[in-house]
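Subject: Structure for your review

Dear colleague,

Please find below the structure that I am handing over to you. My findings follow directly after it.

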Amino acid sequence: MTALSAPARFTARRALLVGAALLALCAALAVLALGLGAVPTPARDVLAALTGGGDALTRQLVLDLRAPRIGVALLCGAMFAASGTIMQGVIRNPLASPDLIGVGAGAGLAATVFLLAWPAAPAGGLPWAALAGAWGGFGLVLLLARERGGALHPVRLALIGVAVASALGAAQQLVLVRAPDGLGSALSFLTGTVYGADVTRLTRVLPWALVLLPGALLLSRTLDVLNLGEDVATALGTRVNPARLLALAVGVALAGAAVTGAGILGFVGLLAPHLARLLVGARHARTLPVSMLLGALLVLAADTLGRALLPPLEVPAGIFTTLVGAPYFLYLLRKSA
């Protein structure tokens, strides 16, 4: 079924209701997460801190330590989800997502090497290094996965993507192991966690999110047309190759910037688009915003669960997203095969 012939039940009103419900869930979970941690904070104290009251310690816990972490989780979840939605739409492959086709792993390796080679680099340089690495990983997967005639079989792309991502991830781990102790621990977030996210990390991700997330929404019609196939898209007046390149540039940039905030969070970019299509259909004007909200909710829920499960120990959010996403990936792999 194409994006332009969705069932009647997938209406704009339904999309608005789903979006409003997800937004309310994100807000409620964010308020709950502000009170969780090694030092639990009652809800009334959280609300007092948010309104400018409360004691200095509570304000520091809520506003300086937890609020930036929640912001990073929400933004990076939305960015990974938008990236996965774009990649699945452009490549027309339900198995495509940033962590499965080398984008996340390439960005993580490049960010690690960049920070180790240039520890005093300005914060704004890291996303650009991650972007270069994301394109490198993505390009390598496409090069290895292309069959004769340029076809990209979904299962072949996924399997080669997993292999390349694993190799790049192993290289990143090797670099981290050989890094100086202090710097290596500072880069541990690149393995997939929001732990330690501060205002600096939030301000590093925020400008990219403010530009790229609206940019992704503006690509909705282009993605719908590309889903119809190259011949139909050309007949409708779309310059297919430039449109694909632009959409992929936005998708890769979203994932690269998100990696600098939360590392490689497994399967967020795979799960969120599929869930969004189940809820509101395949039209990207509805799928993209709902997917962003689902990605934000998924990452925030994983991080909140990681903080609340075994306090004061913290379980990385990437573990929970992988536990949920890996079985679904295997299901899709079996279905595609």
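In this predicted model, Thr 287 is in contact with Thr 85, Pro 273, Ala 276, Arg 277, Val 280, Gly 281 and Ala 282, when its neighbours within four places in sequence are left aside. Thr 287 itself belongs to helix α13, which covers residues 284-309. Its relative accessibility is 1%, and Thr 287 therefore counts as buried, the cut-off being under 20%.

Turning to the protein as a whole, the secondary structure consists of 14 helices and zero strands. Buried residues account for 51% of the 337 residues.

As to overall dimensions, the C-alpha trace spans about 65 × 50 × 35 Å along its principal axes. The radius of gyration is 20 Å, which agrees with the value near 20 Å for a compact globule, because the protein has 337 residues.

Finally, some remarks on surface and charge. The protein exposes about 15000 Å², of which carbon and sulfur atoms supply 68%. There are 23 positive and 12 negative side chains, and a distance of 10 Å separates the centres of the two sets.

With kind regards

Conventions. Residues numbered from 1 in each chain as written. Predicted model: local features only at pLDDT ≥ 70, side-chain atom pairs only at ≥ 80, totals over all residues. Heavy atoms only, no water. Helix = DSSP H or I, 4+ residues; strand = E, 2+ residues; numbered from the N terminus. Buried < 20%, exposed > 50% of the residue type's maximum accessible area, 1.4 Å probe, protein only. Contact = heavy atoms within 4.5 Å. Rg over C-alpha atoms; globule rule 2.2 N^0.38 Å. Areas by Shrake-Rupley, 256 points an atom, 1.4 Å probe, with all protein chains shown as cover. Lys, Arg positive; Asp, Glu negative; His and termini not counted. Charge placed at Lys NZ, Arg CZ, Asp CG, Glu CD.
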